Amino acid sequence: MPLAPNDVRPFAALDDIDRAILTELAADGRLPNNALAERVGVAPSTCLARTRALRECGAIRGFHADVDPAAVGLPLQALVSVRLAAHERAAVDAFRARSVRLPGVVSVFHVAGAEDYVLHVRAASGDALRDFVLDHLAVDPAVQHTQTSLIFEQARGMG
């Protein structure tokens, strides 16, 4: 049974080897199992079993390629802050479910503070970003206010 977004996962049960596997994979998700096993000091079969278990419990959420957005025609990135008109659970959950399916949305963050959500969006141009906000957010009756911040540069951290 899949876990709901706010369910507590059994991360407290992870040991030092599990955490070492996660650290190595976070640094290089393409690391072959034999090399991963060597780095964390376990047999390849043990490493493979632990990696599968980490995927199954949700500690590893997936593997992806970090592709430059400009290479796929989406050079403009923005963070769009959204304040909802109502804060009942049903309205909040419905907005989240809709927003993750919107075109160009990379990530959706439910945040504390004056805004309720921050959407990381990629777009082909300033006009396309404006159209995204007008066509998908400004017309949404659940949305009270939006504020768009352009991303000039993105640098990935180690964590």
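In this predicted model, R101 sits in the loop that links α4 to β2 (105–110). The residue counts as exposed, at 62% relative accessibility. Its side chain reaches back to the backbone oxygen of A97, at 2.8 Å. R101 was also placed relative to G58. The two are 43 residues apart in sequence. Their C-alpha atoms are 21 Å apart in space.

Helix α4 itself has a buried side. V92, F95 and S99 are buried there. Viewed down the helix axis, the buried residues of α4 fall within an arc of 65 degrees, so they line one face of the helix. R89 and A90, on the other side of α4, are exposed. The buried residues pack against several elements: the strands β1 (76–84), β2, β3 and β4 (143–151), together with α5 (126–137).

F95 also takes part in an aromatic pair. A search of the whole structure finds 1 such pair. The rings of F95 and Y117 have centres 5.1 Å apart and planes at 50 degrees, so the pair is tilted. F95 belongs to helix α4 (residues 89–99) and Y117 to strand β3 (residues 117–123), so the pair ties together parts that are 22 residues apart in sequence. F95 is buried, with a relative accessible area of 1%. Y117 is buried too, and its relative accessible area is 1%.

D116 lies in the loop between β2 and β3. D116 is buried yet has no salt bridge. R83 is the nearest side chain of opposite charge, and it is 6.0 Å away. That distance is not within the 4 Å that a salt bridge requires. The side chain of D116 instead makes a polar contact with the side chain of H87, at 2.9 Å.

G41 follows α2 and has a positive phi, near 80 degrees.

Helix α3 contains R55. This residue is partly exposed, with a relative accessible area of 42%. Not counting residues up to four places away in sequence, R55 touches I60 and F63. R55 and P141 are 86 residues apart in sequence. From C-alpha to C-alpha, R55 and P141 are 37 Å apart in space.

Conventions: Residues are numbered from 1 along each chain as its sequence is written. This is a predicted model: local features need pLDDT of at least 70, side-chain atom pairs count only at pLDDT 80 or more; totals for chains, interfaces and linings use all residues. Side-chain values use heavy atoms; hydrogens and water are left out. Rings of Phe, Tyr and Trp (its six-membered ring) pair if their centres lie within 6.5 Å; planes under 30 degrees apart count as stacked, over 60 as edge-to-face and the rest as tilted. Helices (H or I, at least four residues) and strands (E, at least two) are DSSP runs, numbered from the N terminus. Buried means under 20% relative accessible area, exposed over 50%, partly exposed in between (1.4 Å probe, protein chains only). A polar contact is a pair of N or O atoms within 3.5 Å; within protein, one must be able to donate a hydrogen and the other to accept it, and residues adjacent in sequence count only if both atoms are side-chain atoms. The arc is that of the directions from the helix axis to the C-beta atoms. Contact means heavy atoms within 4.5 Å. Lys and Arg count as positive and Asp and Glu as negative; His and the chain ends are not counted.
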